Amino acid sequence: MKNVLLIILSSATLFSCSKKTDSTPYVYVPVVPVDKNWSFETTPAWADEFDYTGSPDSSKWTYDLGGGGWGNSELEYYTKSLNNVSVANGILTITARKESIGGMNYSSARMVSKGSGSLLYGRIEVRAILPSGTGTWPAIWTLPNDYVYGNWPNSGEVDIMEMVGFDPNNVHFSAHNETYYAGNAKTSTMNIPTASTAFHLYREDWTPYAIRGYYDNVLVFTYVNNGSGPVTWPYDQKFHLLMNIAVGGSWGGTKGVDDSAFPTTMQIDYVRFYNMIPQN
């Protein structure tokens, strides 16, 4: 791993020199990346405009399937059935339903863009209408392809959009890593009054210097690489996109689940990835 040396050095501030006759201490100073004001290509390197009908394009999307709580005490069973995920009239629809399946009491879908739909630095845009209802927990988020620095949260996670149904219209952008994760994650929140009734643009701009989040092109979140290595910046590896509606769970289910809210949907107009333009 390219940052092994950095990890070792950053674990302490003072090191003895290798020569026994020289007792001068070595002080490690983190090198903070410089913001080069990177820009992004204007033509997507990868996209789905959902301009077809039926199941999502299998060359672009796979699925996380099953139940068991997904580490968050969630209540849904994820499927790839047209009952839970389908495309029509230029829109992808993920539907969470109240039904018994696979030992769980709700069904939903969790789409994954692994493979061609992954990137290292760039811009991600998703235009979406979010679901409503107490107990829902929709997310548009990213995870690493290979977990270079170990299991979650050490290899990072970025939540481009999260909202819980008991707190409607308060939309959260977050970054998780070994130092900041779960309730201690770096997070910003924006109230979008029509989050569940109109399309809004959820965007991440990711460079070696910072992760920035934008809602409807308004900057809402900035997380800067402080040069401490993967303990705070594991975001130097390829990540892919996930989109899902969870039901209940450690956050979404805090105030119970309103069964009358189902079925409920998240609608996606498009997903677009743009490459970052390198600079010397």
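**Reading the surface and the strands**

Modeller: Tyr147, Trp152 and Tyr181 make a nonpolar surface patch of about 290 Å². Please bear in mind that this is a predicted model.

Biologist: Where is Trp152 found, and why does Trp152 count as partly exposed?

Modeller: Partly exposed lies between buried, under 20% relative accessible area, and exposed, over 50%. Trp152 has 41% relative accessibility and therefore counts as partly exposed. Trp152 sits in the loop between strand 12 (136-144) and strand 13 (157-162).

Biologist: Is strand 11 mostly covered or mostly open, and which strands do bridges join to strand 11?

Modeller: Strand 11 (residues 122-129) is mostly covered, with 6 of its 8 residues buried. Strand 11 runs antiparallel to strand 16 (residues 200-206), and 7 bridges join them. There, Gly122 stands opposite Trp206. Strand 11 is also antiparallel to strand 20 (residues 264-275), through 8 bridges; in that pairing, Arg123 has Tyr274 as its bridge partner.

Biologist: Why is strand 8 described as largely enclosed?

Modeller: Strand 8 (residues 104-108) is largely enclosed by the rest of the structure because 4 of its 5 residues are buried.

Biologist: How do strand 5 and strand 7 run relative to strand 8, parallel or antiparallel?

Modeller: Strand 5 (residues 76-78) runs parallel to strand 8, with 3 bridges, and Tyr78 has Ser108 as its bridge partner. Strand 7 (residues 91-101) runs antiparallel to strand 8, also with 3 bridges, and Lys98 stands opposite Tyr106.

Biologist: Which residue takes a positive phi in the hairpin of strand 7 and strand 8?

Modeller: Gly102 does, with a phi near 55°; this hairpin has 2 residues between the strands.

Conventions
Residues are numbered from 1 along each chain as its sequence is written. This is a predicted model: local features need pLDDT of at least 70, side-chain atom pairs count only at pLDDT 80 or more; totals for chains, interfaces and linings use all residues. Side-chain values use heavy atoms; hydrogens and water are left out. Patches are made of residues with over 30% relative accessible area and no salt bridge: like charges are joined within 9 Å, nonpolar side chains (Val, Leu, Ile, Met, Phe, Trp, Tyr) within 5 Å. Accessible areas come from the Shrake-Rupley method with a 1.4 Å probe; for residues, only the protein chains shown count as cover. A salt bridge is a side-chain nitrogen of Lys or Arg within 4 Å of a carboxyl oxygen of Asp or Glu. Buried means under 20% relative accessible area, exposed over 50%, partly exposed in between (1.4 Å probe, protein chains only). Two strands pair if DSSP finds at least two bridges between them.
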